[in-house]
Amino acid sequence: MSSLRDGPSEMAHSTASSVRVLNAVEETFPLTQRPSASANRPRISISGSQPQKKSLNWLAKFRRAATLMARPKKPIARAPTVWRSIQAIVCASWLNLLLVFIPISWAINFALPDQYTLIFVFTFLAIIPLAKLLAFATDELSLRVGQTLAGLLNATLGNAVELIVSIIALAKCQLTIVQSSLVGSILSNLLLVLGMCFFAGGLRFSEQGFGQSAVQLNSSLLTISVIAVLLPGAFHMALQGQPQYSELSTDYNILKTSHGVAIILLFIYASYLVFQLFSHKALYDDNNEDMQPTKEYEGQNPFRLHRTRRNITDAETVSSPTLAHGGEAAATLSHPTGANPDVEPGTHSIASVETEAPEQPLMNLAVCLWLLVVVTVLVAVTAEFLVDSIDGLTSSGLINKEFVGVILLPIVGNAAEHVTAVTVSVKDKLTLSLGVAVGSSIQIALFVIPFIVTLGWIMNKPLTLLFDPLESIVLFLAVLTVNYTVQDGKSNWLEGMVLMCLYMILAVTFWYYPGTQGIFPNC
């Protein structure tokens, strides 16, 4: 009986133990695949999650940076109507009076194609207001984007006229005009514009200060560009007189060298934009500690300038197409009541306090974009007529191509900037003046010249960095003189007069200089 009573319990115990054994065996050697909760979860590779996370972080940072670049620094007021925008374009500058020469120059080009002097003069006058309108449209477009993107826009479109003229001359194989006009634009900005700014400001102030570190850095960049221009000439001179000298092979080697150097210069310019607009933006700010103070004359001003005082409201802006090198698209001026309307308190020229009032654009976005397109087309067509008339103008022998390229053509694209730079220097806005003068020179030396050489490479045009020997030497001496002038971070009227007199010396020299023939292979 005891065995019978124990039987059911033993059978239950054995059954449970057998179940446990089966489960253990099944876990060790699964008979069927049983779905589990973990099996339904997506498998995540530990090794691949880290790069994916980094890529997502990089994408988020890129989107954040793009958003900041596209966001205006100040709120934008309601855009004006199309009619108001057209009125703003008409009243933008007194230079618009010269727009009448556009149809006149075109008519003379088609009706009197042999009158090269008239065509050159009228097309020359017609491009000047177009350059001003291009700068006006660029400034209006810069109001609607962030400070960094505004700087990029101004840096790109600041020398658009010089770029268009150079491209047209390159397409027509006017290689001497391409090189001389670009060198002349650098000389005009460094000597004439900067000299006039120093001289005009020096008539009101004993000394004007500016950021020493930023200007020295710009001088170093100009020196690099001058070295790039001098090396091909030294290359050519070193091989001349050698027994194994071959003009054909030397020209080919200089052409290939120029292509490589142009790519390196473009990389330097891209690095310069990153340095100025992103990593070291504060270095180009007026509130930088490196700014030197401006000093007025002790006692009575010896030049006795009687200026008209007027109040500068918060809505007044001083704009420039190359203001990217000052760090902003427009410098808004403000001063407390009772202060000097031309000189702001403290040692810095541009006020750092910004008003909360929204920025009022003068044109709506559609009109602004259309203005950019129309002006660019008009400049391209008019510049083509201008370039076509140069050969006929210089064939008479009264004027040579070197003078036309180095002295006359730079006035076309820089006249509007010259007026802006000199005007703001009198108001002790010398940092803005330096941004116009030195900044434009850096753009041409490190961007426009290597870009044109690279474009000539693409178009199969033999454009090199082997400039005319006199142009190369003059460019080196101009950069050296400017470097000595700005190294102390101060300026006065005598330094400005020295720079202007040096430019006049160069103008007289190039008037009589016939140029070097045969420095280019045949196109």
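Here are legends for a few close-up views of this predicted model.

In this predicted model, local features need pLDDT of at least 70 and side-chain atom pairs count only at pLDDT 80 or more, while totals for chains, interfaces and linings use all residues. Residues are numbered from 1 along each chain as its sequence is written, and side-chain values use heavy atoms, with hydrogens and water left out.

**View 1. Helix α10, from end to end.** This helix runs over residues 212-239, so you can follow 28 residues along it. (Helices are DSSP runs of H or I with at least four residues, strands are runs of E with at least two, and both are numbered from the N terminus.) From first C-alpha to last, α10 reaches 41 Å, close to the 40 Å expected at 1.5 Å a residue; the expected span is 1.5 Å times one less than the number of residues. Just after α10, look for Gly-241, which takes a positive phi of about 90 degrees.

**View 2. The buried residues of α10.** Buried means under 20% relative accessible area, exposed means over 50%, and partly exposed is in between (1.4 Å probe, protein chains only). Among the buried residues of α10 are Ala-214, Asn-218, Leu-222, Val-226, Pro-232 and His-236. And what do the buried residues of α10 pack against? They pack against α9 (175-202), α11 (247-279), α14 (430-458) and α15 (469-486), where contact means heavy atoms within 4.5 Å.

**View 3. Lys-172 and Glu-384 in a salt bridge.** A salt bridge here is a side-chain nitrogen of Lys or Arg within 4 Å of a carboxyl oxygen of Asp or Glu, and the structure holds four of them. In this one, the closest N and O atoms are 3.5 Å apart. Lys-172 sits in the loop between α8 (160-171) and α9, and Glu-384 in helix α12 (residues 365-394), so the pair ties together parts 212 residues apart in sequence. Lys-172 is partly exposed at 34% relative accessibility, and Glu-384 is partly exposed at 33%.

**View 4. Lys-172 again, now with Asp-388.** Their side chains meet in a salt bridge at 3.2 Å, N to O. This pair links distant parts of the chain, 216 residues apart, with Asp-388 in helix α12. Asp-388 is partly exposed too, at 36%.

**View 5. Lys-490 and Glu-207.** The closest N and O atoms of this salt bridge are 4.0 Å apart. Lys-490 lies in strand β4 (residues 490-491) and Glu-207 in the loop between α9 and β1 (208-209), so parts 283 residues apart in sequence are tied together. Lys-490 is partly exposed at 26%, and so is Glu-207 at 23%.
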